[in-house]
2 protein chains.
Amino acid sequence: MTKRSPAVRKPRLDAQRNRERILEVAKEAFSQLGANASLDDIAKEAGVGAGTLYRHFPTRDALIEAVYRTEVEKLAAAEQRFSETMPPIGALRAWMLLFVDYIAAKQIIAPALNSLVGGPSKLYEGSRGQIQGAIESLVKRAIKSGDIRKDLDPFDLLRALIGVSNVASAPDWPQSARRLVDILIAGSRPVK
Amino acid sequence: MTKRSPAVRKPRLDAQRNRERILEVAKEAFSQLGANASLDDIAKEAGVGAGTLYRHFPTRDALIEAVYRTEVEKLAAAEQRFSETMPPIGALRAWMLLFVDYIAAKQIIAPALNSLVGGPSKLYEGSRGQIQGAIESLVKRAIKSGDIRKDLDPFDLLRALIGVSNVASAPDWPQSARRLVDILIAGSRPVK
DNA sequence: AATAAAACGGAGAGTGCCTCCGTATCTAAA
DNA sequence: TTTAGATACGGAGGCACTCTCCGTTTTATT
């Protein structure tokens, strides 16, 4: 009597694969075409039927929210990975570049979430903490190694990145954001 | 040779009427159903054909933007009118209630404008000034009459109103906003 | 290998978007 | 007034998107 009925069956991995593919394609589509990108097209490009997409994400908002969560989780996970495998400055830079992608996702999300019950705050609260924790770790490490100034406020970097994203309009804004990352890094180095 | 060709012809007033009706219905529809409300439906409810709607507002964004501008203009005009015909406190209260409607419009607009070239800032800049000017006048007048405290910062009132709107989620948020207006007014009176 | 649960896919009905153009209405001139 | 022609109207219709439904396929278990 170890296992009663087959209550817990291993989840099918084709389902999981599809879910991930959809998420991937959706993120691209949303930041490319905006929050109204065609869901049928997303399904097609992900190589699944419309039914599959809707089974995984019953509504457009559900898909958008999932994309958003995924991005935040990737950001948090990446901080760990980068810190373990890269020199302080490299890790910081890599993470900031990833953050640019995150902004792209977030810009799509924020508006769409207005229609969700409970408002956007619930979703943001948790993720904000994760993100702040990540950048703080990265900056502290880089300060300790002497690569950047001691008086740098980690959040200033975030604010600068987000600030740019709010002015963003042209379809090539990711490039300008990338340039900004390098400028920020350069400006964060110790004087002399 | 006073007037060359009939270059300037009076605009037809049926066109103007229709334009206004559409704007009116659109505002209601957008704040009710969100920024994706059906344009065909809006046209129908305004008693015009789809073609008419699209002639006046070629794109959805154009319509949304027009709604927004209209709201801001109404706000500015109302400040004048209220100040001339109402006692200081009454004018302030009436204007703040109108501001609640404005928020409803703005909430719709902000997201949708992300897709406009140049970003939302261009649209906000001008209107922000108009609104700040309005509340400032109203508060100053009420201070002069002794109805509210001398140290009240007009913008605090705006911030409070906007703050509420960001937490707003339930479909009955206008009511709660109205309650807040009264609380704010009460709290702004002089001590004793 | 057999079985049934789990997941898939895509056709299709419903709805929305937006254009096109024949018709109606209005302004200004005669 | 009447009239001309400029201006605006409306809604049918083609195309795109949404989302459901259910017969078929794939997968984990026995």
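Guide: A residue is called buried if 20 or more other C-beta atoms lie within 10 Å of its own, exposed if 12 or fewer do, and partly exposed in between, with C-beta atoms placed from the backbone. Helices (H or I, at least four residues) and strands (E, at least two) are DSSP runs numbered from the N terminus. This is a predicted model, in which local features need pLDDT of at least 70 and side-chain atom pairs count only at pLDDT 80 or more, while totals for chains, interfaces and linings use all residues. Residues are numbered from 1 along each chain as its sequence is written, and chains are lettered from A and ligands numbered from 1 in the order in which they are written.

Visitor: How far apart are the end C-alpha atoms of α4(A)?

Guide: The expected span of a helix is 1.5 Å times one less than its number of residues. Because α4(A) has 26 residues, it should span 38 Å, and this agrees with the separation of its end C-alpha atoms, which is 37 Å.

Visitor: How many helices does chain A have?

Guide: Read along the sequence, chain A follows the pattern α-α-α-α-α-α-α-α. The chain has 0 strands, and its number of helices is 8.

Visitor: What does chain A average in pLDDT?

Guide: pLDDT is the predictor's confidence in each residue, from 0 to 100. Over residues 1-6 of chain A the pLDDT is below 50, and over residues 165-170 of chain A it stays under 50 as well. In chain A 66% of the residues score at least 70, and the average is 75.

Visitor: How many contacts does the model have for residues 165-170 of chain A beyond four places in sequence?

Guide: Two residues are in contact if their C-beta atoms, placed from the backbone, lie within 7 Å. For residues 165-170, counting beyond four places in sequence, the number of contacts is 8.

Visitor: Which element supplies the largest share of the surface near DNA strand C?

Guide: A residue is near a strand if its C-beta atom, placed from the backbone, lies within 6 Å of it. Of the 26 residues around DNA strand C, A:Asn18, A:Val48, A:Gly49, A:Gly51 and B:Gly51 come nearest. Two or more residues each come from α1 (13-33) and α3 (50-56) of chain A, and from α1 (13-33), α2 (39-45) and α3 (50-56) of chain B. The largest share, 4 residues, comes from α3(A).

Visitor: How many charged residues does the surface near DNA strand D have?

Guide: Ala, Val, Leu, Ile, Met, Phe, Trp, Tyr, Cys and Pro count as nonpolar, Asp, Glu, Lys and Arg as charged, and the others, Gly among them, as polar. Of the 25 residues around DNA strand D, the closest are A:Gly51, B:Asn18, B:Val48, B:Gly49 and B:Gly51. The surface near DNA strand D has 9 nonpolar and 6 polar residues, and its number of charged residues is 10.

Visitor: Is A:Arg21 buried or partly exposed?

Guide: A:Arg21 is found in helix α1 of chain A. Leaving aside its neighbours within four places in sequence, A:Arg21 is in contact with A:Ala46 and A:Gly47. Because it has 17 other C-beta atoms within 10 Å, A:Arg21 is partly exposed.
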